[in-house]
Amino acid sequence: MNKKDLSERDICSKFINPAILKAGWNMRSQVREEVSFTDGRIIVQGNLYTRGKNKRADYILYYKSNIPIAIIEAKDNKKAVGHGMQQALEYSEILQIPFVFTSNGDSFVFHDKTRTDGTLEEELTLDNFPSPEFLWQKYLSHANIETPEAQEIVEQDYYLDDSGMNPRYYQQNAVNRTIEAVAKGQDRIILVMATGTGKTYTAFNIIWRLWKTGIKKRILFLADRNALLTQTKNGDFSPFGNDIMHIIKNRKIDKSYQIYFALYQGLTSTDEDKNAYKEFSPDFFDLVVIDECHRGSASEASAWRDVLTYFNSATHIGLTATPKETKDVSNMDYFGKPVYTYSLKQGIDDGFLAPYKVVRITTNVDEGWRPTAGLLDKYGNEVTDRIYNLKDYDKSLAIDERTQVVAQKITEYLKATDRFAKTIVFCVDIDHANRMRQALINENADLVANHWNYCVKITGDDEVGKQELDNFTDVEERFPVIATTSKMLTTGIDTKMVKFIVLESNIQSVTEFKQIIGRGTRIREAEGKVYFTIMDFRKATNIFARPDFDGDPVQIYEPTLDDPVVPPDEIDPTIIEDDILGEHPELIAPRPNIDIDEEEQEITKFYVNNIPVSVINERVQYYGKDGKLITESLKDYSKKNIEKEFASLDDFIQKWHASEKERGVN
């Protein structure tokens with residue numbers, strides 16, 4: 001058969017595989033063919049969805065398991081030898097692979113990212129494909145990892161998981177870049193990974209490899225919630241075995257273990273003599289891993305920072321979804337530039353994280369309300385005469401009718417979509433969370449009559465609510481459905497099935513915004529969780545959204561009082577194109593987060609009622625094919641673009657594939 005008549009697969013088996021094998025590569029342990037390294041972005045149309053095409057490399061070559069070093073793009077012999085280079089280079093950037101090859105069965109084109117002499121690409125015969133050791137030594141030299149000790153660290157094996165679980169590509173990147181940084185002597189390291197991307201699993205793999213080499217014998221893992229400590233020890237870290245792991249409780253120190261778990265606040269005290277961490281010698285730990293390091297550990301003023309200062313000789317590795325940068329606080333000043341960043345935007349594009357819709361609702365009092373002279377609130381207190389707006393509502397002034405409108409809109413959305421969709425309503429404070437719970441119970445009286453815990457308040461002061469937290473986060477448990485909270489659910493709680501997030505709090509920073517949005521990013525495709533919706537009553541999505549990190553929403557919808565609260569069905573094919581740009585508002589300077597313990601401030605609050613409150617605005621925003629943010633009348637937009645566009649999911653998928661062919665997508 002003529003070589004040009006062979007399929008791409010035939011070219012691989014007859015020419016590329018023999019060349020790789022001859023160069024000394026182990027085809028079983030070092031070579032993987034047709035590697036799908038993303039899941040394909042979830043594309044949403046109303047309540048229907050499909051997935052975009054995943055990214056797949058023809059070959060990925062590994063020096064050792066989970067340490068990729070080269071990528072090969074294969075083509076049939078009708079194409080030129082370097083035909084697939086641009087696609088291979090794109091994949092190599094995502095996978096952080098230094099050596100890139102293409103072949104059509106005649107030869108190889110070799111793109112070497114480590115070369116500095118100006119000759120980045122050259123053609124190699126099939127007999128001259130480089131060996132694993134040649135490429136590895138070339139990479140080590142480029143990465144300045146040249147001592148035997150440093151080389152031993154970066155070559156340490158990953159944990160071999162009997163269950164077959166392997167790190168995703170971005171977790172490999174995070175682990176490998178961190179290990180390399182440690183090998184080169186860097187002692188302050190930060191990883192930025194969006195919520196839902198497996199930071200704890202990534203941390204386990206880092207710690208495992210450093211512990212196995214023996215250079216990090218005693219490790220302290222710091223978190224900010226008790227539940228996280230137990231979850232981490234018994235979950236991702238279980239391969240270490242209970243004999244060497246210990247959770248520090250009640251400030252009682254036992255120095256006979258190797259891996260310790262502790263709360264920030266469990267090691268510190270306002271009484272200097274009761275600082276538990278000082279029972280260890282300053283050089284006791286070789287490695288300190290700080291989970292959620294956007295919290296107090298990054299602040300010079302925080303007592304938690306004292307823990308890091310005390311264990312100054314240890315390597316400090318920070319994990320965060322939200323790097324904190326303000327004029328007062330900076331984790332970059334402390335940790336330096338992130339060794340790896342995996343954003344929510346990238347996670348959504350890859351199909352590992354759920355995309356989101358935004359429903360923005362504005363009431364007629366949100367821009368400002370002023371009491372009449374001498375107005376008394378419902379408890380007989382004279383309301384201070386000034387103009388109140390969103391920053392005041394439920395903090396210094398509570399309007400019953402506004403709370404009722406919010407509860408009505410939340411319930412309207414759930415009734416139109418799924419009344420059992422897990423929902424978190426973020427409120428201003430505990431009092432607001434309680435009043436919101438009451439309003440939602442009244443709106444859902446039919447379900448509450450049979451299920452008392454359909455809607456619960458989960459706050460730091462409520463033991464019943466805290467007991468219901470496990471049920472709320474359990475994928476198998478149906479109740480509670482709605483949780484009202486203020487700060488307790490903003491961070492660290494794994495809420496896999498949350499489909500609906502309501503912003504009814506005055507979010508104070510980009511950090512807090514990202515943590516809240518992170519409650520919805522996990523995908524549970526088997527259970528029907530493939531996207532989530534943000535209902536924003538406080539303009540937070542206007543102020544704090546960071547499209548470069550978070551990506552753009554699938555849809556932004558602003559209904560009026562007469563419009564349905566559920567966004568109309570729509571799909572824009574440009575949503576899976578890279579680098580969609582829009583007109584985004586400037587960010588305001590963030591303020592520090594409120595501590596997780598939710599201490600109530602002494603503040604005068606007025607409670608008023610009989611105030612007419614209604615929903616205003618009528619517009620939908622979406623991203624056009626040129627990437628510009630377009631605003632139209634909702635009714636015009638719906639009529640023109642949506643109502644008869646797709647009759648079914650099959651119709652949607654057919655039209656989507658047709659548009660792929662028109663754009664020349666393979």
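## Strand β17 and T363

Strands (E, at least two residues) and helices (H or I, at least four) are DSSP runs, numbered from the N terminus. By this rule T363 lies in strand β17, residues 362–363. The model is predicted, so local features need pLDDT of at least 70 and side-chain atom pairs count only at pLDDT 80 or more, while totals for chains, interfaces and linings use all residues. Residues are numbered from 1 along each chain as its sequence is written, and side-chain values use heavy atoms, leaving out hydrogens and water.

T363 has a relative accessible area of 0% and is therefore buried (under 20%, with exposed over 50% and partly exposed in between; 1.4 Å probe, protein chains only). Leaving aside residues up to four places away in sequence, T363 touches R402, V405, V613, S614, V615 and I616; contact means heavy atoms within 4.5 Å.

## Helix α5

Helix α5 covers residues 169–183. The expected span of a helix is 1.5 Å times one less than its number of residues. For the 15 residues of α5 this gives 21 Å, and the end C-alpha atoms are 21 Å apart, which agrees.

Of the 15 residues in α5, 15 are buried. After α5 comes G185, with a positive phi near 90 degrees.

## Nonpolar cores

A nonpolar core is a set of buried Ala, Val, Leu, Ile, Met, Phe, Trp, Tyr and Cys residues joined through side-chain atoms within 4.5 Å. The largest has 86 residues, and those with the most contacts inside it include W25, Y169 and F237. Helix α5 supplies the largest share of this core, 8 residues. Apart from it lies another core of 42 residues, among them M436 and I611.
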